[in-house]
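Reader: I am new to this structure. Please show it, then take my questions one at a time.

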Amino acid sequence: MIVTLTSFGNDHDAATDVDVVVAGGGPVGLMLACELRLGGASVLVLERLAEMDQTVKAGSLNVPPIEALYRRGLLPQVLEEQRRMREYFQAFARQRQAPPPPPPPPPAPPAPPAAPQPPRFAGHFAGLFLDAALIDGTDPDFADRGPAASGAMITQQAVETLLGRRAAELGVEVRRGVEVTGFAVGEYGVTVSTSGEPFRAGWLVACDGGRSLVRRQAGFAFPGTGPEITGHQAVVEMTGTEALRTGWNLTEGGVYVFGPAPGRILTVEFDGPPEDRDAPVTAAELQTSLRHVSGADVTITAVHSATRFTDNARQATTYRLGRVLLAGDAAHVHSPFGGQGLNLGLGDAMNLGWKLAAVARGRAPERLLDSYTTERHPIGAWVLDWSRAQVALMRPEPGARALSGVVRDLMGTVSGTTYFVKRISGLWQRYDLGHGHELAGRSAPDLLLADGTRLADHLHDGRGLLLDLAGDPELRALAQGWAGRVLLLTAACGEGPELSALLVRPDGYVAWASDQGVGLNGLQTALTTWFGPPDAAVGPPGAGPFGVSSASR
C-alpha cells in the first residue's frame, strides 16, 4: 500500500509505505498503533520477538489506562481478566492458610453466579500497604469516574493480548520477528532498516524498551541516576516455603515478596547492581538471593519465568526529535516498585496517538506534537522520583527503617491514605492547558446522560467530543467547522457538575469547559488548538483546511 505523507503548510509530498512505523509490539506499541488507526493513519508495527515475552512483569493497571480502555469499549474484557486473576490469587491464599480439606460432600445444586465486584484499588508504597477503608470517598478527584473508577488486576501479557486483538480488528499490520536495525531521517520521512526489508514512513516511534536502539541512534539525551540494587522477579517451583511469609517483607538482608500467585517471588538486595545484567537467570542465583533475603532454607527446583531488574532511573529530555518520537520505556526507565511503568507507557500512547495521526494525515500542524513532551514529561519525571523514594525507604538501614515508621503512621490516617491512593492510582494527573476552568486538563467526568448513555460511550471511535448540555444554537453553529473531527452531542445531564458545555479530546482529557451562564469564550481557540483550523466550507472566505487560501495550495 502506498499512501501520501502531507507536510503541513508545504505542497511537497513524499511517497511512503505507511504514515507511521512503530518499533516495538508490546502493550505500548500496540496501544499507540490502535490510536493511530482510529485517527486515520496507516501504521506498521515491527516487533523483534517472534512470540510474546512470557517473563513475569506488571500485574495491574491504575485508573488512567483503565479509563482509556473503557473509553474505547474494552472495559468488559479487562474486568473478565481481573475476575480470573482474583480466583487464581484466592486459591493460592486458601492453600496457604487453610488446613487440608475433608472429603467433599455430595454436590449441591449450583448457586447462581454472583456479579463480579472489582476490588477498590488501594495499593502499596515501598511494601507498606494501604487500607481502602481509610480513603476519603468525598474527595473531588474520585467524583464522576464511572465504571472505570478503580484500577484492575491484569497481567502485562493479558493487556498485550487484548490490544493485539484490538489492533487486528482495526487493520493494524504487526510483523513479528522483524528487528529494527537503523533508520535514516529525511526532510519528509524516515527510511527504517530492519532484519528484513526496509520501510518508508512519515514518522518513526520508538516503543522498543529501556535499551531502545532508536533512542540511542537518534541521539536523545537520557540523563538520570544509575543502578544501586539488584532485584529478581520470577515464577518458580520450590520446597521449604513454609518458612516464607506471603506478601511484602522487609528484612535485614533486603526485601522479598512471596505470592500472590503460586511460585511467584521477588527479591531485592541493596549491595549494588548485578555484574552481568544480560546473563541467564538461573535457579541457583534465585535460590541464593531468596535465602539471603528471607533467611528461609528454600530449594528452587524449577524456573518458569525469571528476570533481573535494577533501580536505574533515566528519562529522555524530550520525547521528540524531528520525525522520531519515544514512548514507554524508550522514553523513561525506573524500578518496577509501585507498578507504574506499564501505566505510564500506555498513557504516553494514548496522549500521542491521536496527535500524531492528525499531523500525519495533514489535519493539524506539527506544533501539535510539541504538547506531547510538554504534557507527558512531568508525569514521567514524577514516576521516576516516586520509584526512587520507595527504594530509599526499603533500604535495610536504621535511617530508612525510622523513616518507614513515620510514613506508616501517615498512611494510617484518612488524609494520608487518600493522598497515597490518589498518587498511586493516577487520579492526580492533570495537564496544564492554560484554560481557566477547573476541569480543563483533567480526565473528563464520566457523565451519565439523560438517554442512559455515559460520556465514555461516545468516545469509542477516537474522535473528539463536544458535549452541548444547554441546547446552545451558537455552539452548534460554531462546531460545524470541525464536524468531521469532533462529534457534536446535544444531551441533558441530570447529575454532575453545573456545566453547559464540555470539549473532550480523543484521549479523554477536557480541552475546554463552560459553566451555565458563562458563554463560549475560548471554545474556538480550543477547537483550533487541538483539532486544527475549521473546514474550508465554514471557515473564513477562501480558506483551505489549514487556514491558507485553497488557490495557493
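**Pockets, cavities and confidence**

Reader: How does the lining of the second largest pocket divide by class?

Author: A pocket is an open set of points on a 1 Å grid over the protein atoms alone, with protein on both sides within 12 Å along at least five of seven lines; lining residues have an atom within 4 Å of a point. Ala, Val, Leu, Ile, Met, Phe, Trp, Tyr, Cys and Pro count as nonpolar, Asp, Glu, Lys and Arg as charged, and the others, Gly among them, as polar. The lining of the second largest pocket has seven nonpolar, two polar and seven charged residues.

Reader: What is the volume of that second largest pocket, and which residues lie closest to its centre?

Author: A volume is the space filled by probe spheres set on the points, which are joined across faces, edges and corners. For the second largest pocket it is about 330 Å³. Of its 16 lining residues, the closest to the centre are Pro140, Asp141, Ala143, Leu439 and Arg442.

Reader: What is the mean pLDDT of the chain?

Author: This is a predicted model, where local features need pLDDT of at least 70, side-chain atom pairs count only at pLDDT 80 or more, and totals for chains, interfaces and linings use all residues. Residues are numbered from 1 along each chain as its sequence is written, and side-chain values use heavy atoms, leaving out hydrogens and water. The pLDDT is the predictor's confidence in each residue, from 0 to 100. In this chain 87% of residues reach 70 or more, and the mean is 88.

Reader: How many cavities of 30 Å³ or more are there?

Author: A cavity is a set of grid points where a 1.4 Å probe fits but cannot get out. The count comes to six.

Reader: Which helix gives the most to the lining of the largest cavity?

Author: The largest cavity holds about 180 Å³ of space. Its lining has 22 residues, with Pro64, Pro65, Gly347, Arg376 and Tyr509 nearest the centre. Helices are DSSP runs (H or I, at least four residues), numbered from the N terminus. Six residues come from the top contributor, H7.

Reader: And which helix gives the most to the second largest cavity's lining?

Author: That cavity has a volume of about 50 Å³. Its lining includes Met31, Cys34 and Glu35. Helices H1 (27-38) and H4 (156-170) each give two or more residues. The most, three residues, come from H1.
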